[in-house]
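Visitor: Please take me through one part of this model in detail. I would like to look closely at the sheet.

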Amino acid sequence: MFKKLSKPKKIILDNIEFSIHYTVRKNMKRMLLRVQNRGEIKISLPKQLFLNVNGFILEHKSWILEQHLLVVMPFDRGSSFYFKAQRYTVQHHNAPLSLIDENIFLHPKRAKKQSDEFYKKEAKAYLPQRVEQLKEEMDLEFNGLRFYCSTRKWGSCNSKRVITLSPYMMKLNDEMIDYIIVHELAHLKHLNHSKEFYAFVEDFVPEYRRIQKEINLLSSAF
Ligand SMILES: [Zn+2]
């Protein structure tokens, strides 16, 4: 019988609860630790070291607690806010959202709501006409355009020919936005990611591979 190795999901250090997330890498010789978000420990490790996780974390306890305090959370003062691929620094004030030079002023208690409303407003002002233009160029028809704030995907297209776009696309630049729209529109013709699908995308966005890489790179900062 094989005993399943235990991977702790949580650990408490100095009264702070940390969740633990794992990535297994075959060719690694030792464990690597990161604290990317407050209260979140990320561990990359080779399989055979699962058993030592607790000890490893305790050994690095003071470093982890230091990192935890250094991590800036979204909407904290000094954190980043992206709009049209420009970085703005979050500042706090008790008033509606405003963009001034390289700063964005948000209400500390309503920051997330203010920010979502901002992206939705910008998305509704910019995307419908752009989708319309690209649809004409691609000679396609669809049944509806919806907006849904998703952090998981930029857009989707269902079999009822309804396109959904995430207002968070407004964090990207125009070229990236166009590629995402073309990608979703192309699903009206191919509801998959086949060679034919990408060949069709390429007809309208020849450099889609480069743009995709740039989107991945930029969005790793979000
Ligand atoms: Zn797709």
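Which residue in E4 is the bridge partner of Leu 33?

Guide: In E4, Leu 33 has Ile 43 as its bridge partner. A word on the basis: this is a predicted model, where local features need pLDDT of at least 70, side-chain atom pairs count only at pLDDT 80 or more, and totals for chains, interfaces and linings use all residues. Residues are numbered from 1 along each chain as its sequence is written.

Strands (E, at least two residues) and helices (H or I, at least four) are DSSP runs, numbered from the N terminus. Two strands pair if DSSP finds at least two bridges between them.

Now the sheet. It is open, has 4 strands in the order E1-E2-E4-E3, and its pairing is mixed. E1 and E3 (32–37) are the edge strands, each pairing on one side only. On average, neighbouring strands are turned by 35° against each other, direction ignored. Axes here are lines fitted to C-alpha atoms, for helices over the stretch in contact (C-beta atoms, placed from the backbone, within 7 Å). Angles run from 0 to 180 degrees between N-to-C directions.

Take the pairs in turn. E3 and E4 run antiparallel, joined by 5 bridges. E4 (residues 40–45) runs parallel to E2, with 6 bridges between them. Ile 43 in E4 also stands opposite Tyr 22. E2 (residues 16–24) is antiparallel to E1 (residues 10–13), through 4 bridges. There, Lys 10 faces Ser 19 in E2. E1 and E2 form a hairpin with 2 residues between them. Asp 14, in the turn, has a positive phi of about 50°.

Finally, helix H2 (residues 61–70) lies across E1, E2, E3 and E4. H2 runs at about 25° to E3.

Technical notes
Two residues are in contact if their C-beta atoms, placed from the backbone, lie within 7 Å.
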